[in-house]
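Look at the sequence and the fold below.

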Amino acid sequence: MSITKNLQDIQSQLPEQITLVAVSKTKPVSEIMEAYQAGQRIFGENRIQDMVEKYDEMPKDIQWHMIGHVQRNKVKYMAHFVSLIHGVENFKTLKEINKQAARHDRTIDCLLQIKIATEDSKFGMSATEASEILQSEEFSDLKNVNVVGVMGMATFTENQEQIKREFLSLKAVFQDLKKIIPKLETISMGMSGDYKLAIKCGSTMVRVGSSIFGARNY
Ligand SMILES: *Cc1c(COP(=O)(O)O)cnc(C)c1O
């Protein structure tokens with residue numbers, strides 16, 4: 001199957017209001033260009049350094065999403081172009097993004113990553129932490145970040161009921177946070193293996209890699 005065909009298949013099945021982030025991590029520019037030629041403009045990377053290199057080489061109408069763990073000392077390398085940061089795991093990181101965005105006179109859209117999985121290996125903050133951040137005075141002073149929603153990753157399991165429970169818990173967290181910040185609009189959840197279930201559970205943005213580009217060789 002070609003990248004173009006994979007993309008068309010997925011796009012044709014996605015409800016219109018769902019945003020598709022094509023996860024291009026580990027993939028070379030040549031393959032990402034194939035997706036670009038097929039019309040895809042939003043790409044997700046999980047390492048800042050890789051994303052910067054691809055940004056430099058590729059057309060400038062691409063929206064680059066940082067979907068991985070954000071190391072605070074590397075925020076400065078992506079602050080001039082990143083379009084959405086999915087993995088904001090704590091207040092310190094949000095403040096660093098604000099600081100670096102200000103240096104470029106930008107406002108950077110961010111999602112708060114909520115820990116919904118039972119695995120210890122998954123990153124993210126609790127629902128309580130997220131609501132405390134959004135209600136704090138310090139947060140209202142951050143003029144160069146725009147929190148637009150939440151992101152979460154389900155446990156790596158075959159158990160569909162468990163994945164569904166975790167997705168629904170993220171949706172519930174989103175609804176609670178929306179009471180604090182009514183303009184919240186994005187729920188980033190769902191990957192190649194579970195994006196259809198994620199959409200049923202209220203996802204507005206899916207992050208799909210291997211179903212578009214094929215399996216990754218690390
Ligand atoms: C790699 C990755 C994806 C995409 O995974 P696939 O299973 O290849 O679709 C989605 N989200 C995050 C955070 C990832 O790191």
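## Annotated lysine, strands and cores

UniProt, in an unreviewed entry, places the feature "modified residue: N6-(pyridoxal phosphate)lysine" at Lys25. UniProt positions follow the numbering used here, feature names are shortened, and annotations may be inferred rather than shown by experiment. This is a predicted model, in which local features need pLDDT of at least 70 and side-chain atom pairs count only at pLDDT 80 or more, while totals for chains, interfaces and linings use all residues. Residues are numbered from 1 along each chain as its sequence is written, and side-chain values use heavy atoms, with hydrogens and water left out.

Lys25 lies in the loop between β1 (19-23) and α2 (29-37). Helices (H or I, at least four residues) and strands (E, at least two) are DSSP runs, numbered from the N terminus. Is Lys25 buried or exposed? Lys25 has a relative accessible area of 15%, so it is buried. Buried means under 20% relative accessible area, exposed over 50%, and partly exposed in between (1.4 Å probe, protein chains only).

The table lists strand pairs; two strands pair if DSSP finds at least two bridges between them.

| Strands | Sense | Bridges |
|---|---|---|
| β2 (residues 42-45) and β3 (residues 63-66) | parallel | 4 bridges |
| β3 and β4 (residues 84-88) | parallel | 2 bridges |
| β5 (residues 108-113) and β6 | parallel | 6 bridges |
| β6 and β7 (residues 186-188) | parallel | 3 bridges |

Ile42 stands opposite Gln63 in β3. From β2 the chain passes through helix α3 (residues 48-57) to β3 in a right-handed β-α-β crossover. Right-handed means that, with the strands pointing away from the viewer, the path from the first strand over the helix to the second runs clockwise. The bridge partner of Met66 in β4 is Ile85.

Strand β6 (residues 145-151) is mostly covered, with 6 of its 7 residues buried. Val150 in β6 is the bridge partner of Leu112, and in β7 the partner of Val150 is Ile187. A right-handed β-α-β unit is made by β6, α8 and β7.

A nonpolar core is a set of buried Ala, Val, Leu, Ile, Met, Phe, Trp, Tyr and Cys residues joined through side-chain atoms within 4.5 Å. The largest one has 65 residues, and Ile85 and Leu94 touch the most other members. Helix α8 (residues 160-180) gives the largest share of this core, 6 residues. A second, separate core of 7 residues includes Ile42, Leu84, Leu111 and Met151.
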